[in-house]
Amino acid sequence: MDEEEIEKAVVAYLKKKGFKQTELAFQEEQQQNKNSSSSTRNNNSANSQIDPDITKKILSFSEFETGPERHQEEYSKLRSWAYSSLDLYKHELLRVLYPVFIHCFMELVARGHIQEARAFFNSYREDHEMTHLRDLQKLEGVLSPSHLEEMEFAHSIRLSKVNIKMCQYSYDLLLQYLHKSESITMLGIINERINFQVSPGQPGSISDDAEVVTLVASGHDASLINQKEVHWGLLEDSLEERLEKTGASVPDSEKFDGDPKEGEVEENKKKSVEGGKQGASVKKLKKDKVGVATGKSSRTEGSTVTTAPRVKPELALPAIPTEVEHSILEDLRNRVQLSNAALPSVSFYTFVNTHNGLNCASISHDGSLVAGGFSDSSLKVWDMAKLGQQTGPSFLQGETDSPSSEHVLGSSGGRRCYTLFQGHSGPVYSASFSPYGDFLLSASSDSTIRLWSTSLNANLVCYKGHNYPVWDVQFSPVGHYFASSSHDRTARIWSMDRIQPLRIMAGHLSDVDCVQWHANCNYIATGSSDKTVRLWDVQSGDCVRIFIGHRSMILSLAMSPDGRYMASGDEDGTVMMWDLSSGRCITPLVGHSSCVWSLAFSGEGSLLASGSADCTVKLWDVTTSTKAPLKEENKSGSNNRLRSLKTLPTKATPVYALRFSRRNLLFAAGAFSKSA
């Protein structure tokens with residue numbers, strides 16, 4: 001075989017793969033060789049008797065794409081080899097199978113081999129259903145080459161490379177197998193579609209698998225973004241710092257005696273509230289939601305907030321009214337110190353007769369107001385203090401000395417006992433109370449955000465800026481500023497006094513489903529359907545962290561009170577705890593069997609509460625996990641998970657919202673569901 005045929009085969013292969021620069025460089029090199037002296041040409045021709053094996057391989061590169069059966073055959077061999085590898089390296093080699101499987105399927109579809117693609121997909125999908133079920137369900141709808149461009153998920157996969165971590169030896173084993181078996185198709189896909197992050201030493205832990213494979217990579221290199229500095233400390237001259245400086249602390253005994261100032265009101269609120277058209281009595285949910293705080297923890301042990309570094313605010317902070325400041329300081333003085341030995345009391349608000357119309361719930365910081373957003377575009381607010389004034393029998397039965405109190409938000413058969421806010425023209429998906437309870441924000445599918453006054457019971461402003469439904473809205477910890485997230489893939493920062501957004505955060509590859517403020521108001525976090533969480537600098541609008549590890553869309557976020565850690569919950573029921581400074585996942589929290597809709601840290605940051613569609617609230621021990629050094633965590637593998645302290649089941653109420661009050665009483669809300 002002469003050199004000219006080989007050149008044509010190489011050029012044809014480069015054209016087919018779209019390697020334009022390589023093709024131009026190759027052609028220039030060939031042109032230079034042709035223009036060289038005749039003696040040099042003669043030497044070249046003498047040396048052009050290329051080894052037959054090399055010739056065979058070069059031709060196979062240009063001809064291998066002719067038959068679809070090669071994908072099936074080579075993938076089957078690669079799969080068998082990976083599963084038969086040594087146990088020490090097997091879990092790293094198996095990571096390659098899923099991205100190769102997906103790209104084999106999409107290549108077959110792109111070339112028009114639809115039947116072969118479906119047969120291939122159905123043959124091996126069971127291998128990946130455990131960890132990638134959501135992705136596979138989306139890709140089932142790909143039935144023609146045009147779908148690869150039209151479907152956002154498939155299009156983004158084909159445009160980006162997959163990042164896979166593995167040790168050097170596993171990487172060498174893989175390359176050795178591909179070359180010896182002459183798996184040209186697999187080698188081409190791996191070269192084009194996978195970016196290996198090879199590390200020296202022993203293979204990583206199996207428990208790290210959630211972090212090592214990222215199917216949809218972001219437009220920017222996450223590792224470069226995560227090198228940016230994050231100032232995670234608390235604001236200078238905060239109320240907590242002032243309280244520490246003045247030494248205005250009270251003994252624990254007084255704190256526990258004083259706490260019912262909030263709790264006593266809650267215990268008396270066992271009346272029902274109107275949330276539907278027909279009256280219905282609902283039995284009290286399980287009494288034993290959580291153990292009462294029996295132990296007494298000292299302030300020196302529990303206060304992680306006081307040890308946090310101090311930072312200056314990047315936003316102009318609003319002034320706090322004197323009476324509000326005094327009220328907050330009083331709450332902080334009387335805060336119950338929680339720990340794994342002293343769990344919080346829980347007050348659960350249950351909506352009844354919502355007829356599946358309740359989309360979201362929100363609880364004010366002191367638990368005195370509860371808001372619900374409905375599919376009929378209405379927003380309803382209940383004042384808990386007024387519930388006890390209603391006449392008529394209570395629909396709740398049970399001992400009044402229970403540590404957990406419960407309030408049914410439904411119909412009472414009497415006059416309306418909630419405030420109705422109307423103005424949106426589409427379902428209301430999120431609501432958020434201001435820190436002092438005087439304002440309420442709502443976000444809707446009509447692409448607007450509305451600001452309501454809880455004292456005037458009126459709509460004050462309608463904020464327009466998003467182009468599609470707004471999924472979430474959250475007031476900042478200081479009020480005045482708020483953040484929103486939308487189907488338009490952006491998050492936006494607003495102030496109450498301006499109708500246009502102050503900042504637009506763009507970078508997610510899909511819907512931004514939830515948003516959360518950092519404790520110092522200098523950052524916001526966003527969770528997306530692209531399975532990543534991002535941290536954004538409020539002042540510059542830049543992304544400063546990308547957190548990769550979730551395997552489904554992120555639905556909830558929470559920041560620790562000291563600002564160092566973040567928790568995120570996803571559609572599969574997994575909660576992950578992240579270190580903001582390093583961008584690493586400290587530990588996954590596994591226990592929920594369905595979507596995690598709400599997360600909340602206790603006031604001193606020692607406990608994390610998670611609320612789920614599986615009708616449970618779980619309490620997690622944060623302090624034990626975050627104190628363990630990273631080296632110890634990596635050695636221990638799966639033993640480094642956060643300890644679940646207690647699971648609080650409801651009979652049939654998915655948990656929509658959680659809120660720790662300033663005094664560390666835990667409030668929760670959800671809609672009673674017969675189907676649950």
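Biologist: Is Phe121 buried or exposed in this predicted model?

Modeller: Relative accessible area decides it, and under 20% counts as buried. Phe121 has 0%, so Phe121 is buried.

Biologist: Which ring does Phe121 pair with, and how do the two planes sit?

Modeller: Phe101 and Phe121 form a stacked pair. The centres are 5.7 Å apart, with 25° between the planes. Phe101 sits in helix α7 and Phe121 in helix α8 (residues 114-124). They are 20 residues apart, so the pair links distant parts of the chain.

Biologist: What other aromatic pairs are there, and how many does a search of the whole structure find?

Modeller: The search finds 21. One of them joins Tyr75 and Phe101. That pair is tilted, at 6.0 Å centre to centre and 45° between the planes. Tyr75 belongs to helix α5, Phe101 to helix α7, and 26 residues separate them. Tyr75 is buried at 0% relative accessibility. Phe101 is also buried, at 0%.

Biologist: Which residues do ring pairs link into a cluster?

Modeller: Tyr75, Phe101, Phe105, Phe120, Phe121 and Tyr124.

Biologist: How do I read the packing of two helices?

Modeller: Two numbers describe it: the angle between the axes and the distance between them. Take α5 (residues 69-83) and α6 (residues 87-94). Their axes are 8 Å apart, at an angle of about 145°. Trp81, Ala82 and Tyr83 of α5 make the contact with Lys90, Leu93 and Leu94 of α6. By class, that is five nonpolar residues, no polar and one charged.

Biologist: At what angle do α7 and α11 cross?

Modeller: Roughly 105°. Angles of 65 to 115 degrees count as roughly perpendicular, so α7 and α11 are roughly perpendicular to each other. Helix α7 covers residues 97-110, α11 covers residues 152-159, and their axes come within 11 Å. On the α7 side are Ile102, His103, Met106, Glu107 and Ala110; on the α11 side are Ala154, Ile157 and Arg158. The contact has five nonpolar, one polar and two charged residues.

Biologist: Where does Ala308 lie, and what is in contact with it beyond its sequence neighbours?

Modeller: Ala308 lies in the loop between α19 (299-302) and β5 (310-311). Ala308 is buried, with 6% relative accessible area. Beyond four places in sequence, Ala308 contacts Trp232, Leu234 and Asp562. The C-alpha atoms of Ala308 and Trp232 are separated by 8.3 Å, although the two are 76 residues apart along the chain.

Biologist: Where does pLDDT stay under 50?

Modeller: Where pLDDT is low, the predicted coordinates should not be read in detail. Here pLDDT stays under 50 over residues 210-220 and over residues 410-414. Beyond four places in sequence, the model has 38 contacts for residues 210-220 and 21 for residues 410-414. The chain averages 78, and 75% of the residues score at least 70.

Note on methods: Residues numbered from 1 in each chain as written. Predicted model: local features only at pLDDT ≥ 70, side-chain atom pairs only at ≥ 80, totals over all residues. Heavy atoms only, no water. Axes fitted to C-alpha atoms, helices over the stretch in contact; angles between N-to-C directions. Helix = DSSP H or I, 4+ residues; strand = E, 2+ residues; numbered from the N terminus. Parallel < 35°, antiparallel > 145°, perpendicular 65-115°, else oblique. Contact = heavy atoms within 4.5 Å. Nonpolar A, V, L, I, M, F, W, Y, C, P; charged D, E, K, R; others polar. Buried < 20%, exposed > 50% of the residue type's maximum accessible area, 1.4 Å probe, protein only. pLDDT = per-residue confidence, 0-100. Phe/Tyr/Trp six-rings, centres within 6.5 Å; stacked < 30°, edge-to-face > 60°.
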